[in-house]
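Please keep the sequence and the structure in view while working through them.

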Amino acid sequence: MLPTIFCTGCGIGSVMNFSLRAIHDLNIDMNKTVFVSGIGCSSRVPGYIYSDGLHSLHGRAIPYATGVKLANPELKVIVFTGDGDCGAIGGNHFLHAIRRNVDITVISINNFIYGMTGGQVAPTTPLKSKTTTTPYGNIEYPIDLSMMAKVIGAPYVARWTTAHPVQCISSIKKALQKTGFSFVEVLSPCPTSYGRLNKMGTTLDMTKHFKESTINIKIYEKMLAEGKTTDKMVIGELVDIEKEDFNTKYNKFCGELK
């Protein structure tokens with residue numbers, strides 16, 4: 001199925017590369033792995049992986065993944081989703097899968113826009129950014145997917161950019177080994193829609209922008225301790241805790257009823 005349908009300079013191929021590298025390094029059995037996606041540019045990823053997969057409805061990847069995991073807990077279930085698919089149409093599914101702590105890994109590729117459907121404003125589109133539906137600039141405050149996951153109680157949350165491949169692969173590895181809901185958000189360039197409308201230059205220029213507009217959480221926390229602040233987006237490993245997952249709780253509950 002190569003070459004892919006992704007636009008030149010799109011970061012989704014890089015995220016797919018990071019994910020497959022992590023899976024390979026962990027020697028995960030692809031015969032016991034299911035990839036699930038919704039609709040959007042990033043949701044085409046499972047189509048390029050030789051494994052079982054579900055290309056589901058827009059925003060419904062997480063419910064499908066939940067069903068797969070509950071039906072066969074032995075399977076490794078990985079969701080590829082975009083910021084619009086995960087945070088808007090699938091927003092409630094995202095919240096409640098975290099609340100239930102379903103044992104799935106969600107990799108969200110955030111390009112700040114609905115790229116595949118025409119470049120419309122997304123829930124993650126930064127303030128004042130231009131899209132085809134906000135040609136004079138976005139006036140809505142964006143949501144922060146990773147912070148949402150952290151606040152609701154996901155046991156593993158990390159955010160990187162495509163300019164941080166080593167860190168991103170490391171976090172995907174940790175996410176895949178975590179029991180419970182694990183979430184990895186990757187900020188990714190969309191030079192065709194978001195980059196062009198906002199005159200951000202080439203993919204290399206957008207990659208430099210990611211490095212300049214983000215701050216590692218360790219440096220950020222040190223700044224906070226010193227009474228300083230910043231408007232840069234925080235990246236890094238945001239949560240890494242142990243928490244009983246839904247399947248384990250369900251089995252205990254059923255055992256207590258006998």
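## Salt bridges, rings and buried residues

Q: Which side chain meets that of Asp-240 in a salt bridge?
A: A salt bridge is counted when a side-chain nitrogen of Lys or Arg lies within 4 Å of a carboxyl oxygen of Asp or Glu. The side chain of Asp-240 takes part in such a bridge, with 2.7 Å from N to O, and its partner is Lys-178.

Q: What kind of model is this, and how are its residues numbered?
A: Residues are numbered from 1 along each chain as its sequence is written, and side-chain values use heavy atoms, with hydrogens and water left out. Local features need pLDDT of at least 70 and side-chain atom pairs count only at pLDDT 80 or more, while totals for chains, interfaces and linings use all residues, since this model is predicted.

Q: How many residues apart in sequence are the parts that Asp-240 and Lys-178 tie together?
A: Helices (H or I, at least four residues) and strands (E, at least two) are DSSP runs, numbered from the N terminus. Asp-240 lies in strand β8, whereas Lys-178 lies in the loop between α6 and β6, so the pair ties together parts whose separation in sequence is 62 residues.

Q: Is Lys-178 buried or exposed?
A: A residue is called buried under 20% relative accessible area, exposed over 50% and partly exposed in between, with a 1.4 Å probe and protein chains only. Asp-240 has a relative accessible area of 41% and is therefore partly exposed. Lys-178 has a relative accessible area of 8%, so Lys-178 is buried.

Q: Which helices hold Asp-25 and Lys-173?
A: The structure holds ten salt bridges, and in one of them the side chains of Asp-25 and Lys-173 meet at 3.1 Å, N to O. This pair links distant parts of the chain, 148 residues apart, with Asp-25 in helix α1 (residues 12-25) and Lys-173 in helix α6 (residues 165-177). Asp-25 is partly exposed because its relative accessible area is 42%, and Lys-173 is partly exposed at 24%. The helices asked for are α1 and α6.

Q: Which residues are linked with Arg-159 in a network of salt bridges?
A: Besides the salt bridge between Lys-252 and Glu-244, with 2.5 Å from N to O, there is a network of salt bridges that includes Arg-159. The residues linked with Arg-159 in this network are Asp-144 and Glu-185.

Q: What is the angle between the planes of Phe-112 and Tyr-194?
A: Rings of Phe, Tyr and Trp (its six-membered ring) pair if their centres lie within 6.5 Å, and planes under 30 degrees apart count as stacked, over 60 as edge-to-face and the rest as tilted. The structure holds seven aromatic pairs. Phe-112 and Tyr-194 form a tilted one, with 5.6 Å from centre to centre and an angle of 40 degrees.

Q: Why does the pair of Phe-112 and Tyr-194 tie together parts that are apart in sequence?
A: Phe-112 is buried, and so is Tyr-194. Phe-112 lies in the loop between β4 and α5 while Tyr-194 lies in helix α7 (residues 191-197), so the parts tied together are apart in sequence by 82 residues.

Q: Where does Phe-210 lie?
A: Phe-112 and Phe-210 also form a tilted aromatic pair, with 6.4 Å from centre to centre and 40 degrees between the planes. The pair links distant parts of the chain, 98 residues apart, with Phe-112 in the loop between β4 and α5 and Phe-210 in helix α8 (residues 203-213).

Q: What is the relative accessible area of Leu-187?
A: Leu-187 belongs to strand β6 (residues 182-187). Taking contact as heavy atoms within 4.5 Å, and not counting residues up to four places away in sequence, Leu-187 touches several residues, including Phe-112, Arg-159 and Phe-210. Leu-187 is therefore called buried, since its relative accessible area is 2%.

Q: Which residues of α5 are buried, and where do they sit around the axis?
A: The buried residues of α5 are Leu-145, Ser-146 and Ala-149. They cover an arc of only 100 degrees (taken from the directions from the helix axis to the C-beta atoms), which puts them on the same side of α5.
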